[in-house]
Structures are given as C-alpha cells and as structure tokens.
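Thanks for asking me to take a look at this one.

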Amino acid sequence: AVRCSRSSDKGRVLLSEKGFHAGAKILEVPPLMSVKEPEENESFIKLQLLCEGNPTTLPLDPIWYWLALSSITVDQQGGSERPMSRGFPPPVASSVQDKVLMLYRGEHDESRPLDEGSRCSARMCRHAGPKLTEAFDLHNVDPLLLSSLLAAWMLNCFEHTESPRGYAVYFVPSFMSHTCVPSAIWALDEEGKYILRARREIAEDQEVTISYLSEVVLLDIAPRRRALLFESKSFWCRCERCTPGRVDQSRGFRCLANVIGQGRCKGTVFALVPKGEEAVCFGRCSRCDSNPSEAQAESYSTTELLLEELLQSWEERPPRGLLSSVKIACIVDWVAANFTQHISADHAYGHLAAAYLGLGSYPEALELIGQRVAFQAAAYPELSGSHAWTLESLADIAVQNIGCQGQSEHVLKALVQEGRAKRRGAAQEALRQYRQGGGQMPLGFVS
C-alpha cells in the first residue's frame with residue numbers, strides 16, 4: 001500500500017501506492033523495538049548517577065541513553081557472560097540493530113551527508129558513546145555506533161507507554177515526514193501496533209505525512225510549533241503553515257486602526273511567520289487593509305506577552321473558584337478587545353469557562369466554549385482532535401444547562417421528542433454538536 005522513496009529536500013519519504021479515502025487504514029505494523037524505563041534496576045540507577053555527574057557530556061534524560069544501550073547485540077555486550085542480574089538490557093538481534101541504524105543513516109552509508117535533524121542529533125550524541133562504553137565496560141562496542149543508536153532513537157521513536165515510560169521504534173512508519181497539515185494520523189492499538197489511517201483523501205503516488213506534534217499543539221502559533229520540533233526532533237519545520245512570511249492563522253489581533261466615521265476598526269491583524277529569531281512582523285488588516293504602525297506592532301506584542309503571563313499564572317493556579325463573575329467578565333472583555341483569532345485567547349477562554357462553570361453560570365460558559373469552537377475551526381480547517389473535543393465539551397455544558405442527567409444519544413433524542421420547547425431546542429443543538437464533534441475527530445483515534 002505504501003513505498004519508501006527519497007526526496008531531495010526531505011530525505012526519506014513514504015508514498016502511497018494507491019488512493020485512500022478519509023478514514024481508510026493505510027498501515028498496521030508491530031514495533032521493531034519497544035523499551036520501558038526499568039524500576040529499581042541497578043544498571044539504570046548507575047546510568048542516572050552517571051548523567052547527574054556528567055551534565056555536559058550526558059545532558060539528556062537517562063531514558064534516552066537506556067534506549068541506546070538496549071539496542072546492542074550479545075557480542076557487543078561482551079558475550080553471554082554479562083551479568084543480567086544487574087539489570088543490563090537484554091541484547092537484540094543484529095538484524096534489528098541494522099534496521100534501527102537505517103532509521104538514522106538510511107542504508108547506514110557513512111559517506112552520505114546527514115540531513116539537518118541528523119546533524120543536530122549527531123552533535124548532541126557525539127560524546128555520549130565514549131562515556132557510556134567506558135562506564136559500562138562495553139569494550140566490544142564502537143562508541144560511534146552507540147552514538148548513532150542514540151540518535152536513531154531520538155529522531156524516530158514514538159511514545160509507547162506512560163507508566164512506566166516506554167518508547168518504541170517502528171520501521172516503515174519512521175520513513176514518514178512531518179507537516180503541520182498532515183494527510184494521515186496514527187494511533188497505537190491495545191497490543192502496541194502502529195495503526196495509520198488517512199486523515200483526508202490521499203491520491204496514488206502522493207506523499208503520506210503525519211504530524212510529530214499533538215492535536216493540541218497543531219493549533220499553536222508557528223514559532224512555538226517550530227521550536228518544539230527543533231527541541232524534540234532537531235529540525236526546523238518548513239511546511240506550508242511554517243513558511244516565513246506566511247499568515248499565522250493562530251495569531252490574530254484586534255486591529256488598532258481608527259476608521260474615519262466608524263471609530264476603531266474591528267478587523268483582524270495577523271502576525272506573519274517569522275524567519276528564525278527575527279522580530280515578529282504583521283500583515284495588513286483583514287477589514288481596513290491598513291498596515292500596523294511601529295507603535296501598534298509593539299502594542300500587539302506587549303498585549304500578547306501580558307496574556308501569556310496571565311495564562312502561565314493560571315497553569316500554576318487555575319482561576320476556577322478564585323474569580324467572581326464580575327472579574328471573569330472584565331477579563332473576557334479585555335481579551336475580546338485585543339484578540340480575534342489567537343491561540344492564547346483560546347486557552348484563556350478555556351480557563352474562564354471553567355471558572356464560570358464553578359459558579360454555575362452555564363450560559364456564560366457556553367458562550368466562551370462557542371468562541372473556542374469558532375477559533376479552532378478558523379485557525380485549522382482540517383480535521384482536528386482539539387476541535388472535536390471542544391465541540392463535545394460544548395455539548396456537555398449545553399446538556400448540563402438544561403438539567404439533563406444523561407448525555408447518551410437516546411436520552412437526548414427522548415428530550416427532542418418529548419421535552420418542552422426550550423429543552424427540546426437545547427437537546428437538538430447538543431445532539432448536533434456531539435455528531436459534529438464525532439465527524440471532526442481524526443479517524444486515527446477510532447478502531
């Protein structure tokens with residue numbers, strides 16, 4: 001159904017060998033390797049202490065070095081005499097190790113130039129191999145090979161389990177490139193198999209792409225998405241949503257211009273995706289077509305920072321139960337006066353809706369969740385898990401607002417048929433929102 005190819009700008013890519021409809025299963029494969037963080041393990045404790053004592057040479061979380069140590073063969077470990085009682089990872093077959101290395105250097109060709117992500121990972125992993133081989137007496141392991149195994153895991157692994165933490169590498173799925181507008185979505189089944197489904201129509205010979213980011217982060221502003229990808233996968237995203245100079249649909253501000261005879265403009269000024277670390281620039285207003293002045297641009301940036309600082313304080317101490325309805329309304333008015341289509345406003349409305357719910361103010365909470373639904377549909381018009389979950393939240397609150405104790409479809413249908421006019425209308429709307437949310441849910445999340 002798919003085949004691996006090579007792109008001049010991306011390296012390895014995965015192409016479809018036939019067309020796929022939205023929701024169609026493209027791929028189902030077991031992990032090539034899966035490794036969990038051990039508990040009360042002598043070797044892992046030794047590794048943790050080693051990292052603590054060598055923060056410059058071993059700056060990563062110990063689990064990453066454990067993944068590399070879990071990828072060496074019995075001969076490289078020094079033979080079967082290595083004391084497994086001390087908790088050292090069991091060896092892998094040489095064929096498995098070869099495939100892990102292929103995920104880092106293709107056919108393990110040392111002469112072929114590395115791509116951007118591999119170069120960054122190589123720099124980060126360069127000193128780890130010698131330190132690990134020395135500390136664990138791995139005299140039969142080339143330190144450079146251990147560094148390459150570490151880089152392969154860093155660039156290609158997927159979260160596999162949460163408690164204890166576990167990671168897995170999948171061979172063919174690792175050939176897929178990232179984009180912030182993916183054509184496919186993946187999920188793990190109960191057995192840990194990797195299930196890939198089409199997120200939308202995919203034509204024959206079209207590249208199959210996924211997002212390395214979560215559904216929530218896909219709605220974030222481009223600089224944060226790009227920074228997170230660089231931090232976790234060592235590359236700068238250059239997809240269509242991350243192209244410098246492009247409008248950032250998740251970073252819209254209320255225009256500050258005054259229109260003659262109309263007062264302050266009510267249009268939206270979007271930030272443009274910056275190039276590297278350069279200062280943010282802004283596009284023209286969607287309504288009055290004015291270009292923001294230097295002072296207006298500075299005001300946008302200052303207001304954005306103020307809201308982000310407020311959100312940070314709410315992450316540490318949520319506002320639910322702390323704010324009166326009057327205070328909540330004041331904050332809502334301030335956010336609405338400064339932001340029109342902005343991810344930080346979306347997050348603020350989520351916190352403030354929760355605060356309203358804590359006061360039993362369901363209509364006000366519904367209004368704010370409705371604002372979130374509108375933002376998510378506009379900022380990311382593709383199928384979105386975040387949009388689906390927010391629609392379901394909207395329906396949940398609507399059901400609570402009419403005093404309904406059940407949220408199942410048959411309960412709501414009964415209300416539609418037998419309830420009083422007001423409750424009947426609210427139940428109809430809740431049913432529509434539940435169904436719309438189900439339609440928005442990326443199909444990788446369903447079996």
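This is a predicted model: local features need pLDDT of at least 70, side-chain atom pairs count only at pLDDT 80 or more; totals for chains, interfaces and linings use all residues.

1. The protein has 447 residues, and 50% of them count as buried. Its secondary structure consists of 15 helices and 16 strands.

2. On the overall fold, 62% of the contacts between residues at least 6 apart in sequence join residues at least 24 apart. The accessible surface is about 21900 Å², with 50% of that area belonging to carbon and sulfur atoms.

3. The crossing of α1 past α2 is right-handed.

4. Who makes this contact? From α1 come Ser43, Phe44, Leu47, Gln48 and Cys51, and from α2 come Pro62, Ile63, Tyr65, Trp66 and Leu69. Sorted by class, the contact has eight nonpolar residues, two polar ones and no charged ones.

5. Is Leu14 buried or exposed? Leu14 sits in strand β2 (residues 11–16), and it counts as buried because its relative accessibility is 1%, where the cut-off is under 20%.

6. Leu14 also has partners from well along the chain. Beyond its neighbours within four places in sequence, its contacts include Val2, Arg3 and Cys4, as well as Val172, Phe175, Met176, Gln206, Glu207 and Val208. Pro173, 159 residues away from Leu14 in sequence, lies 8.2 Å from Leu14 in space, C-alpha to C-alpha.

How values were computed: Residues are numbered from 1 along each chain as its sequence is written. Side-chain values use heavy atoms; hydrogens and water are left out. Helices (H or I, at least four residues) and strands (E, at least two) are DSSP runs, numbered from the N terminus. Buried means under 20% relative accessible area, exposed over 50%, partly exposed in between (1.4 Å probe, protein chains only). Contact means heavy atoms within 4.5 Å. Accessible areas come from the Shrake-Rupley method with a 1.4 Å probe; for residues, only the protein chains shown count as cover. A crossing is left-handed if the near helix is turned anticlockwise from the far one by less than a right angle, and right-handed if clockwise. Ala, Val, Leu, Ile, Met, Phe, Trp, Tyr, Cys and Pro count as nonpolar, Asp, Glu, Lys and Arg as charged, and the others, Gly among them, as polar.
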